[in-house]
Amino acid sequence: MTPPTVPVLASAGADFSADTIGLVFIKAAAILVFLLLSVLFALWFERRIIGRFQQRLGPNVRGPFGLVQSIPDALKLLLKEDITVKGADKVIYRIAPMISVFCAFMIFAIIPFGPAVQIPFTDIITPLQLTDLPVSVLYFLGIAGLGVYGIVLGGWSSGSTYPLLGSVRSTAQVISYELAMSLSLVSVLIVAGSMSTSEIVNSQTQLWWSVALAPAFVIYLISMTGEVNRLPFDLPEAEGELVAGYTTEYSSMKFAWFFLAEYINMLNVSAIATTLFMGGWRAPWPLSAINDGMFNEGWWPLLWFLIKLWGFMFFFVWLRATLLRFRYDQFMNLGWKVLIPVALAWVVGVAVIQGVRQFTDISLQTLLFALAGALVLFAVVLLLIPEKKPAAGASAATAGGSGTPGSRKSATAEAEAFDAFAGGYPVPPLPGQSLPPSPRRAKVTAPADAGPATDKENTDG
Amino acid sequence: MTLVHYLVLSGILFSIGAVTVLVRRNALVAFMGVELMLNAANLMLVTFARMHGDLHGQVIAFFVMVVAAAEVVIGLAIIVSIHRTRGSASLDDANLLKN
Amino acid sequence: MTNPYVPLLVMGLLAFVMGLAGLLSSAVIGPKRYNKIKVDAYECGIQPSPHAASGRFPVKYYIVAMTFIIFDIEVVFLYPWAVAFTELATFGLIAMIAFLLLITVPFVYEWRRGGLDWD
Amino acid sequence: MTSILVDLPWLSLLVAVPLVAAAVIWLVPGVQKVARPLGLAVSLLVLAGAIAMVPGFDAGGGYQFSETYSWIPAIGASWAVGINGLGLVMILLAVALVPIVIAAAWHEVRLPDGARPGETGSGEPDAKALDRRRAGYVALVLALEAMMVAIFAVRDLFSFYVVFEAMLIPVYFMIGVFGGPNRRPAALKFLLYSLAGGLVMLSGVIYLLVQTGGGEQALLLDNLAGALEGNYTAQLWVFLSFLIAFAIKAPMVPVHTWLPDAAAEAPPGTSALLVGVLDKVGTFGMIAICLPLFPEAVANVAPYLVVLAIISIIYGGILAIGQKDVMRLIAFTSVSHFGLIVLGIFIGTQTAMVGSMIYMVAHGVSTAALFLVAGFLTQRGGSAQMSSYSGMQRVVPVLAGVFLISGLATLALPGLSGFVPEYLVLLGSFEASPAAGVFAVIGVVLSALYILLAYQRVFTGPVDPDRSDLPDLGGRERWTMVPLVLAMLVLGFFPAPVLDVLTPAADQFAAILGSAS
Amino acid sequence: MTFVPPSIDWAALAPIVIVLGAAVIGVLIEAFVKDAVRRMVQVILAVVALGAALVTVAWRWTVVQAQGPAELVGGAIVEDAPALLAQGVVLLCAFLGMLVIADRVGGEDGFTPAAAGAPGSAYEAQARRLGLVQTEVYPLVLFSVGGMLVFPAASDLLTLFIALEVLSLPLYLLAGLARRRRLLSQEASLKYFLLGAFSSAFFLMGLALLYGYSGSVRFADLAVAVPAMVGMDVVLLAGVVLVLVGLLFKVGAVPFHSWVPDVYQGSPTSITGFMAACTKIAAFAALVRFLYAVVPGLTWDLSPLLWTIAILTMIVGTVLAIVQTDIKRMLAYSSVAHAGFVLLGVIALTTSGISSVMFYLLVYGVATVGAFGLVTLVRERDAEGNVTGEATRVEQWAGLGRRHPVLAACFTLFLLSFAGIPLTAGFVGKFTVFAAAVEGGAWPLVVVAVLASGAAAFFYVRMIVLMFFTDPDQDAGSTVVRTEGTTAIAVAVCAVATVVLGVVPTPILSLASEATKFML
């Protein structure tokens with residue numbers, strides 16, 4: 001190993017050296033307030049827009065356009081009885097919502113709302129960002145990963161079946177989509193050369209990465225939806241299947257925290273998308289050219305940022321209004337067999353192109369042509385390889401694959417094994433299926449077959 | 001808080017992990033003890049890297065994380081398979097080889 | 001504020017206080033009316049099953065978890081490399097591509113052998 | 001003539017021929033039918049070869065027929081052989097006994113006890129299994145022969161150790177496979193005692209190697225002689241390590257306990273070879289290895305060894321008297337006699353040394369004869385308990401005669417082989433220490449007691465009606481006994497040639513001890 | 001920021017690359033080759049790869065002889081004669097072990113048809129009926145061998161750690177794949193894993209401390225730092241001791257041996273043979289390099305520790321082996337005892353110590369592979385006369401010498417070699433190791449070792465007694481199954497090697513002492 005040298009923490013990003021501890025407290029509190037208000041607004045926003053999609057009005061009674069409808073909804077939760085279920089693991093049951101909400105709040109600490117501004121009525125100049133790390137992107141992934149513990153532990157500690165299923169699903173889902181998400185971010189890091197959010201924003205003065213790295217952006221969009229359990233990927237709390245998923249046994253403020261965390265998480269991933277792909281607080285192109293980038297200075301960028309942020313929020317609502325819930329196997333297939341390979345290939349592609357551009361003299365045009373050719377070739381090859389279909393009963397009888405850790409095992413081995421639920425819940429066999437020996441097993445392994453539930457009303461109080 | 005405190009913390013964590021492995025009878029918990037030990041070592045590496053002012057220790061920590069992950073995968077595979085067989089991950093139940 | 005982690009602490013403190021305050025307030029304000037049925041696990045109105053929390057899951061979940069760990073390793077290495085892309089130059093590029101190829105091998109294996117099929 | 005003969009690698013050939021023959025007999029299936037004649041032929045050939053060396057041997061010429069080949073230079077090991085008078089005599093004794101043993105066991109090797117007809121485990125017919133078993137026995141005897149020649153000939157400490165240990169394996173199998181009902185513990189006991197002794201010796205060898213600094217041929221005995229001069233502590237420790245091994249081998253009290261068991265359980269031929277020749281390795285080693293290598297240490301330890309030897313003499317004799325089993329009795333007489341030999345070695349006079357050396361030969365002959373005869377008897381009577389027999393001299397007169405002669409030779413009747421050496425040893429002992437001599441004489445008296453008592457119990461008195469129809473020695477058996485009886489007579493009446501050969505060697509060794517003390 | 005890419009000498013890395021490359025290809029074969037021919041392809045690939053790597057090592061040996069040792073991959077790995085020798089020995093034993101592993105004795109290989117199925121489940125039964133094969137075994141073995149090749153050549157602690165894991169992780173899995181007695185096997189796997197991970201955590205902590213002490217994990221830098229610095233002796237000593245704990249665990253020295261008997265007994269026997277031989281070789285080679293390269297200045301501080309461990313290892317291994325009634329457990333404890341003997345050569349800290357250790361390891365490895373190979377052949381019969389798992393109870397081997405003289409003779413040969421009886425390789429090995437230890441001033445250890453080997457002879461000899469002098473117990477119902485031939489080849493090679501190395505060890509001994517001349 002060649003000894004690495006001491007890194008120079010080069011700061012092309014925001015400068016926080018002038019921040020005092022008091023200012024930090026103010027900024028943090030401001031973020032907190034911003035998030036709480038945003039959630040309240042998001043609730044109204046979502047209901048209104050879904051109303052529009054469904055040819056109805058949505059909440060329109062309390063306040064102008066029904067704007068304050070969310071406040072009584074939130075207060076109602078506060079006033080409800082705080083139930084702790086008998087079978088619950090008391091400590092973890094209470095900690096879980098805290099984890100969720102804590103992690104949700106933490107991510108906005110690294111989101112740049114804007115460049116350095118002068119705070120009104122003072123002469124303090126400070127960036128519109130709480131803090132920035134050299135590893136901000138990693139921090140985001142880390143906190144996002146940690147947030148899942150809230151869901152997992154919450155579901156597990158309830159000591160009840162539906163929450164447990166929800167939490168397990170949620171685990172599998174989050175880890176599946178987190179991979180695609182982190183892979184899609186790699187290409188941004190390659191071109192930006194930094195993991196600091198403010199530096200990444202600064203690297204997008206010429207071109208937004210959502211344009212240059214469109215495939216990565218698309219992958220990010222899909223996986224962020226999966227990451228925050230929104231339709232069409234809301235399997236952990238799928239009402240039609242799991243009642244309310246991991247929140248089934250929660251009530252009052254504990255439920256409220258989960259609920260809050262979910263909406264803040266939507267804001268989080270939207271903010272990250274804005275920062276990493278949409279130029280952050282930078283003004284969109286025609287505006288950015290106006291008057292020497294006048295709109296990129298002062299308090300203007302906050303506006304651009306919010307617009308972009310709420311653009312993504314709208315995207316979430318639009319998806320919810322439009323799409324049906326995936327079946328679990330479709331969902332996992334999409335994650336593992338489409339998103340991850342594509343993301344991987346994309347990373348390699350970006351790296352190679354970037355490498356050729358930086359380290360050789362080959363012109364970009366030649367390179368792109370070569371790449372296009374390679375892609376076509378790859379596509380052809382991909383079409384030629386048939387996907388191995390482990391047809392349920394057939395393969396066992398014919399080839400005798402060597403110990404595939406797969407399909408029939410759950411049906412056979414598991415069924416033979418210890419069955420805690422003898423005489424469990426009857427589930428009718430589907431067409432072409434015979435009743436497996438253990439009814440409970442069948443229920444766990446094929447949960448999504450109940451058909452897509454189309455209930456539009458979400459977890460509204 | 002000097003860097004030495006980190007070293008002490010790392011030592012404490014390492015000891016806790018070691019004691020966990022030796023005392024707890026649940027394979028999963030024992031295994032978590034091992035992971036705690038690895039992470040204690042990581043903390044120590046990073047602290048020393050800071051002390052020496054180079055990045056060796058941090059790079060090593062990366063490798064350790066990878067190894068730990070591989071260990072987790074293998075360990076989980078083994079523990080899960082035993083759990084599925086016996087419905088228990090207790091080390092006391094795994095004593096067929098004692099005699 | 002030269003240490004960028006102090007603001008995180010502040011933020012964390014505020015978030016924690018808020019979370020705790022919320023839970024406490026509901027515990028104080030909310031009514032408390034005991035009802036045996038209410039504190040039972042919810043199972044659509046039927047008698048709750050006894051061993052919910054120790055339920056056993058299809059091995060699929062474990063396989064997904066394990067696969068995830070493998071790929072997480074990959075990400076661990078990809079991120080620093082991506083940031084230091086320019087400095088590592090060709091050697092880094094080739095090394096990383098080789099690494100990705102190697103990571104792909106078990107992925108292909110798992111895919112082909114049905115480890116990613118969820119049914 | 002002599003030049004050609006001397007130029008041949010005689011000793012290596014004497015080792016190689018039986019070894020190859022053993023391998024052929026054991027491994028080649030077709031040969032197994034004719035294993036016994038073939039084995040006899042090979043052993044006679046070896047005997048002839050050994051005798052052919054005699055004319056070329058110069059009694060006063062120190063070590064002869066020497067060969068040295070590099071073996072493992074890294075640890076200073078070589079294959080080096082060479083004999084002086086003592087070695088020659090011992091080799092002759094060994095190779096002479098082997099054909100006799102093979103012949104004596106011609107029909108004695110049977111299928112294992114409890115193996116019912118047709119159930120030999122391998123499913124092959126009994127005849128074939130028997131053939132294989134007999135071939136196995138012959139192969140083991142031949143392998144042992146090779147080892148015996150080698151052990152008396154090697155002049156390299158490493159090779160000596162290797163042969164010393166390797167010898168155990170054929171004996172072990174001979175006892176374990178072909179022995180009596182309690183053969184397993186007996187074989188195990190034999191092996192573990194010997195191995196333990198060998199390992200102690202090994203540490204001595206290693207220490208010696210390191211002390212001398214290693215290098216090629218570092219472990220040649222010639223190069224080692226005097227290597228530890230002046231380093232008394234080292235000498236003492238290494239000598240003690242060797243002594244333990246040799247004392248186990250030449251069963252001295254208190255490490256003799258394996259011998260009665262092994263001798264009683266082993267087939268008679270094996271016992272004959274074991275006690276007659278193999279155990280002489282112990283006394284041989286004391287003379288040929290310990291004396292030149294650690295003279296000062298030997299000189300200082302010798303008085304204690306003399307005491308131990310006397311204890312052996314008396315203790316062995318007393319226990320022999322008490323024995324009920326004839327094989328064990330012979331074994332205990334040997335313990336006593338080995339005591340005499342050791343006494344002769346360490347008492348420090350030239351006379352006693354010559355006595356000890358010739359005693360080794362004489363005892364080999366007479367004990368072998370005793371074991372074989374006793375073996376014939378127990379084979380016939382189906383019991384080794386002396387109380388099972390009575391008045392046998394009327395039933396099997398020839399057998400009784402041979403037993404008597406061998407017994408008398410053992411108790412040193414003048415005119416038989418035992419007399420000259422015993423006389424010399426006692427004489428030498430009186431020269432050096434009258435007290436030791438007196439105690440040794442007590443041993444001689446005891447020997448008269450146990451031999452005659454045994455003869456009286458078994459062969460005299462009223463004939464036991466149950467065993468009145470036992471057959472006397474047959475033709476083959478008689479012929480096997482003839483050479484032994486002859487040898488006893490020759491050694492008794494005309495020991496001069498043997499004495500001539502041994503005296504120079506004895507002079508040399510006694511001189512070492514004398515100068516050291 | 002200056003980054004200098006390390007130059008990579010692919011030719012020098014060839015043995016490692018071949019083995020690991022074959023392992024990767026093996027995984028792809030698992031993915032793409034049809035079930036019907038998969039096993040065949042895997043076996044051929046594995047055998048060819050190991051053979052090719054062996055040849056390559058021989059070639060590199062000549063290169064090193066001509067050009068001297070070199071550092072590879074920026075100094076992470078060295079190519080010197082001891083490393084190549086150790087790699088050669090590992091590859092040889094792995095090759096022989098692979099022959100045993102690949103053999104379908106009695107018509108089926110020693111591995112479970114479906115590792116993912118629970119033991120005794122219907123799924124497993126079905127897999128067995130269908131004749132499924134868990135061919136992942138072969139790439140796993142190759143990966144492990146790859147780790148073993150890096151292990152002795154690693155010249156910094158990090159590489160050593162990675163190699164440690166690469167060699168261990170596949171073994172953890174392999175230990176749990178036995179076809180019969182799967183509960184035992186899984187349990188072995190779990191124990192091996194937990195204790196292995198535990199010990200590697202210790203190793204890692206030692207690494208961290210040594211890094212803290214010297215600012216580097218490279219052996220060369222450590223060697224400079226060890227005598228230079230004062231004041232942090234505790235850190236240094238603790239670091240070295242913890243690293244040693246990790247290494248001593250792998251060699252199975254007392255008190256880090258508790259996994260040995262369980263794992264040896266529970267693992268599939270062919271894997272036990274492979275693991276017992278190759279792991280020990282690689283681990284000792286690494287231990288020797290670490291001790292010689294890094295801590296010569298510390299020997300005085302360490303020797304009480306090492307002496308204690310060596311003595312304990314020899315005594316505990318021997319004493320506990322005596323009371324075993326299971327043949328695999330007996331061999332396991334005997335391997336513990338052997339680890340103690342090898343430690344003598346390690347402690348000697350002389351060049352002859354290195355060569356004697358190498359020789360001993362070769363001897364031990366060959367005999368071990370052979371012995372366990374034979375164990376795979378002796379099977380139980382159940383009441384209906386069906387051949388089942390291995391007959392590992394000692395009494396089931398009674399009378400084997402009568403029914404299967406050649407098998408019993410080979411086993412006897414290996415036992416004699418273990419016991420160190422002259423004219424077998426084991427004797428020369430013991431002799432050289434003891435001599436090196438005496439030379440290094442460790443004569444009290446040699447005395448203990450001699451006593452221990454005397455006691456150890458007891459249980460080896462008892463086994464021989466059982467095979468040859470005891471009548472077969474009709475009820476024990478053991479039988480010998482047919483091999484496809486590869487086990488027979490492996491055992492034959494091992495037997496011949498045991499005899500040849502015992503009678504004419506000079507070429508190999510000189511090779512081993514030659515190795516110490518080209519040490520980096």
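## A hairpin in chain E

In this predicted model, strands E3 (residues 378-381) and E4 (residues 387-390) of chain E pair in the antiparallel sense. Two bridges hold the pairing in the DSSP assignment. E:Arg379 has its bridge partner in E4(E), namely E:Glu390.

E3(E) and E4(E) form a hairpin, with five residues between the strands. The turn includes E:Gly385, whose phi is positive, about 90 degrees.

## Salt bridges

Over all chains, the search of the whole structure returns 27 salt bridges. One of them pairs the side chains of C:Arg113 and E:Glu136, at 3.4 Å from N to O. The cut-off for such a pair is 4 Å. C:Arg113 lies in the segment after helix H3 (85-112) of chain C, and E:Glu136 lies in the loop between helix H4 (122-130) and helix H5 (137-153) of chain E, so this pair joins two chains.

## The interface of chains B and C

Here 13 residues of chain B are in contact with 11 residues of chain C. The buried area is about 1100 Å². Carbon and sulfur atoms give 86% of that area. On the side of chain B that touches chain C, the residues divide into 10 nonpolar, two polar and one charged.

## The annotated region of chain D

An unreviewed UniProt entry carries the annotation "domain: NADH:quinone oxidoreductase/Mrp antiporter transmembrane" for residues 156-447 of chain D. Over residues 156-447, chain D is 80% helix and 0% strand. The end C-alpha atoms of this stretch are 37 Å apart.

## Backbone exceptions

Most peptide bonds are trans, and most residues other than glycine have a negative phi. Some sites in this model depart from that pattern.

The peptide bond from D:Val253 to D:Pro254 is cis, with omega near 10 degrees. D:Pro254 sits in the loop between helix H10 (232-249) and helix H11 (258-265) of chain D. In chain E, a cis peptide bond joins E:Val254 and E:Pro255, with omega about 5 degrees. The loop between helix H9 (233-251) and helix H10 (259-266) of chain E holds E:Pro255.

A:Gln55 is not a glycine, yet its phi is positive, about 60 degrees. A:Gln55 belongs to the loop between helix H1 (21-53) and helix H2 (70-79) of chain A.

Conventions
Residues numbered from 1 in each chain as written. Chains lettered and ligands numbered in written order. Predicted model: local features only at pLDDT ≥ 70, side-chain atom pairs only at ≥ 80, totals over all residues. Heavy atoms only, no water. Contact = heavy atoms within 4.5 Å. Buried area = accessible area lost by both parts, 1.4 Å probe. Nonpolar A, V, L, I, M, F, W, Y, C, P; charged D, E, K, R; others polar. UniProt positions renumbered as here; feature names shortened; annotations may be inferred. Helix = DSSP H or I, 4+ residues; strand = E, 2+ residues; numbered from the N terminus. Pairing = 2+ DSSP bridges.
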